[in-house]
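Visitor: I am new to this structure. Please take me through the chain and then look closely at its aromatic pair.

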Amino acid sequence: MGAHAEWTENLVAEINSMHQSRDKENELRKVLVNELLSDARDLVTKLQHEGQQRAREVRSFLGEFGADVRAAADMWLGRSKHSRRERSRPEEPGERQAKGAKKKGKQ
């Protein structure tokens with residue numbers, strides 16, 4: 001075998017070796033990329049579930065808050081129809097007196 005033939009044979013062997021090494025690296029990359037994609041899908045699914053759960057909690061809270069606001073508005077609007085004294089404190093049962101009753105009792 002001549003020097004040129006031996007050099008060519010060594011070159012072909014080296015190219016084949018590098019090609020096999022690259023194939024192994026590519027297979028390893030595929031496995032790692034698939035693992036990363038799987039982890040990313042799992043994370044996205046988890047975040048979507050948590051987001052939906054938080055959205056339900058916020059909707060519930062806002063519904064309760066809205067009901068409280070409506071009740072306060074109704075109370076405020078209902079109280080504004082009465083005199084200032086009646087708005088300042090709730091009336092106790094049996095407490096109401098006829099107009100001028102206190103004055104008559106003092107005399």
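Guide: Of the 107 residues in the protein chain, 1% are buried, meaning under 20% relative accessible area, with exposed over 50% and partly exposed in between (1.4 Å probe, protein chains only). This is a predicted model, where local features need pLDDT of at least 70, side-chain atom pairs count only at pLDDT 80 or more, and totals for chains, interfaces and linings use all residues. Residues are numbered from 1 along each chain as its sequence is written, and side-chain values use heavy atoms, leaving out hydrogens and water.

The protein chain has 3 helices and 0 strands. Its pattern along the sequence is α-α-α. Helices (H or I, at least four residues) and strands (E, at least two) are DSSP runs, numbered from the N terminus.

Now the pair. A search of the whole structure finds 1 aromatic pair. The ring centres of F61 and F65 are 6.3 Å apart and the planes meet at 15 degrees, so the pair is stacked. Rings of Phe, Tyr and Trp (its six-membered ring) pair if their centres lie within 6.5 Å; planes under 30 degrees apart are stacked, over 60 edge-to-face, the rest tilted. Both F61 and F65 sit in helix 1 (residues 3-79). They are 4 residues apart, about one turn of the helix.

F65 is partly exposed, at 48% relative accessible area. V58 also lies in helix 1. V58 is partly exposed too, at 47% relative accessibility.
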